Amino acid sequence: MKIQRRSAVSIGFYRSLLGTLLIMLCSLATAAQSSLVKGKILDSLSSAPVSFATIRVFSSAESKLVNGDISHDAGDFSIEVPFGKYYVEIDFMGYKSKKSDHFTLSERNPIHDLGTIRLTTSVSTLDEVVIQAEKSTMELALDKKIFNVGQDLANAGGTANDILMNIPSVSVDPEGTVKLRGSDNVRILIDGKPSGLVSFKGGSGLQQLQASMIERVEVITNPSARYEAEGMAGIINIVLKKERNQGFNGSFEVIMGHPTNLGGAANLNYRHKRINFFINYSIAFREQPGDGKLYQEVYDMDTTSNGSIQDIYRGDTTFILKQNTNGLITGFNTNIRGGLDYYFNEKNILTVSYLYRRSNASRITNIRYEDYLFDPSNMTGFTKRRQDEDEIEPNSEYSLIYKKSYEQKGHELTAEVKFLDNWESSDQWFTQNTYTSDGTETGSTLEQSLNDEFEKQWLFQVDYIKPIGKEGKFETGARASFRDMVNDFVVTRVSNEGEYEPLPDLDLDNVFVYDENIHAVYGILGNKTKKLSYQAGIRAEWTDVKTTLKETPEKVNPRKYANIFPSAHVTLDLPKENAIQVSYSRRVRRPFYNDLSPFMTFSDSRNYFSGNPDLNPEFSNVYELGHIKYFEKGSLSSSIYYRDTEDKIDRIRTVNDEGNSVTLPQNLLSEKAMGVEVSSTYAFTSWWKFDFNFNYFHAEIDGSNIVETYKATTYSWFTRQTSRFTLPKSLDIQVRGNYEAPQNTAQGKRKALYYMDLSMSKDVLSGRGTITLNVLDVFNTRRVRAISEGINFYTDSNFQARRRQINLTFNYRIKQAKQAKKATLEE
């Protein structure tokens, strides 16, 4: 925490504020004979729940902190304390503190209900005190982990992908594939709903969203029936910024970096009585250079006796390929999000919002293929290939949300309608020249690829919560999604007569249509005793998916299936600030649009990637045992998890006799994975904060239905450590180290990945401005290295899609503090 004030701040006031923030991570042990303090926190004007507010219970006699907690999503809280006389203090960023009257808890009166507590905002006090009371970077709970974006210096000037790379248990490869606990089967949501950003490109589309627009990221590893069943490894929810403080407030950001990273962002909010307006805007121009190399051997099948990989090595090498790639992606991205909240009254709120994104990108890729026969010293020729691509991708999202709160605390109804309208147009040119080993040109080709993709989706959702008894709760809801996607693609080659003709023997002139309708209902019943809380839920989903290749009518593939997805969570509070949770859920991964589209990427004429229209969904049963321990200066969470997956989807690479490869997703028989995860946050001193994450997992992959030898057992681990140092004169320094151990795959292994980030920030302009310098991948070591083996080939690859990045960012705030603001304590 940093405090800047025009007059001296007393030591006692400083300690009080520090205790307020640390209470989210620590509280004192309660006696065995305990009672309960509970209540609900709402915004005084809108009656909206205030989640993550700090509640502290003090003894009346000594004003000593006895216990504490943070409010839940619905604003409610309940805290156990021994019998005695107490008072409660409640704090939250941007609101005036609240202090309760003194009260007594005894055997006759074991429960004290504070009722509804309404907090009022404190913007008017900013001229007197500017307080930079910072949230913890990582907030740990049993059911989810919350990562506050603004507190991680490495995020300044970056994108949503950069943020995910900095989150424990999450990894992002250079192609933008997001993995959670080593699995790429993760559901990515924005503000709790699907988004067009991840429709066409999956996680790589998040590179279009600037980090400055993001408030926090929530990671839910074993979701309840409330959430859609998609995502085996769990759910990553990206929450965008939306201020709600009274009056006008906002922040502005300017970015510059190398390789070229120029941009700006504005987050503005105006709130007056019943109406709250908000708008976020960002613009960015980036250049992303990359390079890679590949070594491949293709074997003569006649030299093997039984087709095993080990025997193939004893045969003669037929072809050797050495491939070198370098490229440059230039992107211009703009995002605008605006809307308003209208409060009909304290219990009825209507929210309307619109989000527009546009990405203009160009991609230049140069590839050199060197071909050898029998021996790397015997070159037979080489080929040069160049890709020039221009791409336009505008996306629009419309949202209408209505929320009604009833008289009974926690009794709520929420309804939402959302419409997504996205399209992408790609125009690519490929020039290829072939040469003999002495450099004599023997031929050239010119090819063109046109690819237009369209998506429209309607989403309807209703959620209802009804309290039952003192601590019970019943939840139910329904969801309907109607999604239509079209991919119109054609690849042509200029003939000797100068005419564009479709490529022979390749189905690269077609229209792929994807129609998806998914409907769901769910119900959850939960209750809580003194130390035990539990909930059980069930979700039913009906899926109707049909894929069609219009130019080949026989290629119509309808899929209809209904599934039940149960879930259960049991939490036990233990003495000395310990708690454990046991959870179970059944999950599904439906093939994504890109998994099914048969269109082949054509930038590399030797290595093709495509989808598979015949792919089936995969199903998993997920079990998890979690533990959390709160200390005075931090917290420690650990979990053991197990995933049993059927029809696992994985990408399989095959190579023909000419050395050309095709990689496409296939259904393997199964994967059984288990692991251990440990996350901790700890403040060693007032100036050193330490975050740590470690994940070890074991997986058995069975792909023998594809090739008998495609079986793998892998033991792997990854770790991430972040240290943040708060120095005098408002200077912060942050150092992060990342390491991912080697991992076996169905066809080989991925080698170790490691890199380090360094960041520093300095507050200026009386705390209203911040200058941040960060260096991502300081030693330029973040390269993806892998080995793939098949019946007739061996491939060793080494690629770096993004080089070391240096960013300098300036952020200025209007009527905002760095992450929080708070007035003088009042009753």
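I began with D796 and K751, whose side chains meet in a salt bridge at 3.6 Å, N to O, where a salt bridge is a side-chain nitrogen of Lys or Arg within 4 Å of a carboxyl oxygen of Asp or Glu. The pair links distant parts of the chain, with D796 in strand β46 (residues 793-800) and K751 in the loop between β42 (748-750) and β43, 45 residues apart; helices (H or I, at least four residues) and strands (E, at least two) are DSSP runs, numbered from the N terminus. D796 is partly exposed, with a relative accessible area of 23%, and K751 is partly exposed, with a relative accessible area of 23% as well; here buried means under 20% relative accessible area, exposed over 50%, and partly exposed in between (1.4 Å probe, protein chains only).

I noted for the record that this is a predicted model, in which local features need pLDDT of at least 70 and side-chain atom pairs count only at pLDDT 80 or more, while totals for chains, interfaces and linings use all residues. Residues are numbered from 1 along each chain as its sequence is written, and side-chain values use heavy atoms, with hydrogens and water left out.

**Other salt bridges**

I then looked up the total, and by this rule the count comes to 28 salt bridges. In one of them R590 pairs with E230, the closest N and O atoms being 3.1 Å apart. R590 lies in the loop between β31 (578-589) and α4 (593-596) and E230 in the loop between β16 (214-220) and β17 (234-240), so this pair ties together parts that are 360 residues apart in sequence. I found both R590 and E230 buried.

R783 forms a salt bridge with D291, with the closest N and O atoms 2.8 Å apart. Since R783 is in the loop between β44 and β45 (784-790) and D291 in strand β20 (residues 275-299), the pair ties together parts that are 492 residues apart in sequence. D291 is partly exposed, its relative accessible area being 23%.

**Nonpolar cores**

I next turned to the largest nonpolar core, which has 19 residues, of which I41, V81 and V88 touch the most other members; such a core is a set of buried Ala, Val, Leu, Ile, Met, Phe, Trp, Tyr and Cys residues joined through side-chain atoms within 4.5 Å. At least two residues of this core come from each of β2 (34-43), β3 (54-59), β5 (76-82), β6 (84-91), β8 (103-105) and β9 (111-119). Leaving aside neighbours within four places in sequence, I listed the contacts of I41 (heavy atoms within 4.5 Å), among them A48, P49, V50, F77, I90, I117 and L119. A second, separate core of 18 residues includes F430, V491, L503 and L615.

**Backbone entries**

I kept in mind that most residues other than glycine have a negative phi, and most peptide bonds are trans. The peptide bond from H258 to P259 is cis, with omega near -5 degrees, and P259 sits in the loop between β18 (247-258) and β19 (261-272). D647, which is not a glycine, has a positive phi of about 55 degrees; I located D647 in the loop between β34 (634-646) and β35 (649-655). L765, also not a glycine, has a positive phi of about 55 degrees; L765 is in the loop between β43 and β44 (769-776) and counts as exposed at 52% relative accessibility.
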